[in-house]
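Biologist: I am new to reading structures. Could you take me through a few features, one at a time?

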Amino acid sequence: MGGPNILVTRPAEDSEPLAARLRGLGFRVSLEPMLEIRWLDGPEPDVGNVQALLFTSANGVRGYARRTSRRDRPAYAVGDATATAAREAGFAQVESASGDVYALAALVRGRCTATAGPLLHVAGTKLAGDLSGLLAEAGFSVLRETLYDAVPTERLSDGTAAALRTGTLDAVLFFSPRTARSFVRLVAEAGLIDRCRTVDALCLSPAVAEAARTYGELGVTPWQSVRVAPRPEQESLLGLLPDPSGGTGRA
């Protein structure tokens, strides 16, 4: 029978290693990427007078690594997974804010000097939070390099639809408001919104939880429960998972 069935909604590049880890812990895992990452072509980013690079996603790191071999600037990452991606890409100076854009802005304000040169925020076409604005308030100049686009999935997969219909899905992991909104929209379009009543929504942050709860303009998604990680990082989110052996919770 296996352990609880967990749905991972991250893009494919991030979901595969997470799924392997969860399976190793005893969970059944289904993948339903809500976003497809499309890399944007263009010239090598100009980091000549940049004092540091700011990464708000692992995809930003991957997009940067596709364009240039330069790793000679400090890299500040929004969270631990993004920091790991930066180290794996060859950056020697990497520090994680272990949080959200507010935590990243605070980290940068503490480590960098506004007069030492601009900062380069490597990002996608859609931004979560106003990192540039937060740093501009402290006198920093923030440049932005857009290296990828995250395109929403257009329909729910047959496998996920079947799991919802049969009540065999136990929990969904949501890492961003955008993926949570996309999932709820696709479930509603498939006529399965009421099937969420037996599923737990496990969310990285309060903003993600709010997106998961919202159904259309005024409706509320009828999840069995909506739970928020104590800290906006993957390890904290995984701590919300049920005990794969069938107990009341994980240690």
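This is a predicted model: local features need pLDDT of at least 70, side-chain atom pairs count only at pLDDT 80 or more; totals for chains, interfaces and linings use all residues.

Biologist: Let us begin with the core. Which residues have the most contacts inside the largest nonpolar core?

Modeller: The general idea comes first. In soluble globular proteins, nonpolar side chains tend to be buried together. Here the largest nonpolar core has 42 residues. Those with the most contacts inside it are Leu 22, Leu 173, Phe 174, Phe 183 and Trp 223.

Biologist: Which elements give two or more residues to this core?

Modeller: The strands are E1 (5-8), E9 (171-174) and E10 (200-203). The helices are H1 (12-25), H6, H7, H8 (206-213) and H9 (234-238). Helix H7 gives the most, with five residues.

Biologist: Now a strand. On which sides of E1 do its buried residues lie?

Modeller: In a regular strand the side chains alternate between the two faces of the sheet. In E1, both faces are covered. Asn 5 and Leu 7 are buried on one side, and Ile 6 and Val 8 are buried on the other.

Biologist: In which sense do E1 and E2 pair?

Modeller: E1 pairs with strand E2 (residues 28-31) in the parallel sense, over four bridges. Look at Val 8: its bridge partner in E2 is Leu 31.

Biologist: What about E8? How many bridges join E3 to E8?

Modeller: Five bridges join them, and the two strands run antiparallel. Glu 36 stands opposite Val 151 in E8. Strand E7 is joined to E8 by six bridges, and those two run parallel. There, Leu 120 stands opposite Leu 143 in E8.

Biologist: Next, a helix. Why is helix H2 described as largely enclosed by the rest of the structure?

Modeller: Count its buried residues, taking under 20% relative accessible area as buried. Helix H2 (residues 58-67) has ten residues and seven of them are buried, so it is largely enclosed by the rest of the structure. The buried ones are Ala 58, Asn 59, Gly 60, Val 61, Gly 63, Tyr 64 and Arg 67.

Biologist: What covers the buried residues of H2?

Modeller: The cover includes helices H1 and H3 (80-88). It also includes strands E3 (35-39), E4 (52-55), E7 (119-124) and E8 (142-152).

Biologist: On to rings. How many aromatic pairs are there?

Modeller: The count comes to seven aromatic pairs. One of them is Phe 55 with Tyr 64, an edge-to-face pair. Its centres are 5.9 Å apart, with 75° between the planes. Both residues are buried. Ring pairs also link Phe 55, Tyr 64 and Phe 91 into a cluster.

Biologist: Why does the pair of Phe 183 and Trp 223 count as stacked?

Modeller: A pair of aromatic rings is described by the distance of the centres and the angle of the planes. Planes under 30 degrees apart count as stacked. The planes of Phe 183 and Trp 223 are at 15° and their centres are 6.2 Å apart, so the pair is stacked. The pair links distant parts of the chain, 40 residues apart. Phe 183 is in helix H7 (residues 177-189), and Trp 223 is in the loop between strands E12 (219-220) and E13 (225-228). Both are buried.

Biologist: Which charged ends sit over rings?

Modeller: The charged end of Arg 10 sits over the ring of Phe 175, 4.1 Å from its centre. Arg 71 has its charged end over the ring of Phe 91, 5.5 Å from the centre.

Biologist: Let us end with single residues. Is Thr 160 buried or exposed?

Modeller: Thr 160 is buried, because its relative accessible area is 3%. It lies in helix H6 (residues 158-166). Its side chain makes a polar contact of 2.8 Å with that of Glu 32. Beyond its neighbours within four places in sequence, Thr 160 is in contact with Leu 7, Glu 32 and Phe 183.

Biologist: Which backbone oxygens does the side chain of Gln 51 reach?

Modeller: The side chain of Gln 51 reaches the backbone oxygen of Thr 113 at 2.9 Å and that of Gly 117 at 2.7 Å. Gln 51 is found in the loop between E3 and E4. At 17% relative accessibility, Gln 51 counts as buried.

Biologist: And Asp 200? Which side chain does it join in a polar contact?

Modeller: The side chain of Asp 200 joins that of Ser 225, at 2.6 Å. Asp 200 is found in strand E10.

Terms used. Residues are numbered from 1 along each chain as its sequence is written. Side-chain values use heavy atoms; hydrogens and water are left out. Buried means under 20% relative accessible area, exposed over 50%, partly exposed in between (1.4 Å probe, protein chains only). A polar contact is a pair of N or O atoms within 3.5 Å; within protein, one must be able to donate a hydrogen and the other to accept it, and residues adjacent in sequence count only if both atoms are side-chain atoms. Contact means heavy atoms within 4.5 Å. Rings of Phe, Tyr and Trp (its six-membered ring) pair if their centres lie within 6.5 Å; planes under 30 degrees apart count as stacked, over 60 as edge-to-face and the rest as tilted. A charge sits over a ring if NZ of Lys or CZ of Arg is within 6 Å of the ring centre and within 35 degrees of the ring normal. A nonpolar core is a set of buried Ala, Val, Leu, Ile, Met, Phe, Trp, Tyr and Cys residues joined through side-chain atoms within 4.5 Å. Two strands pair if DSSP finds at least two bridges between them.
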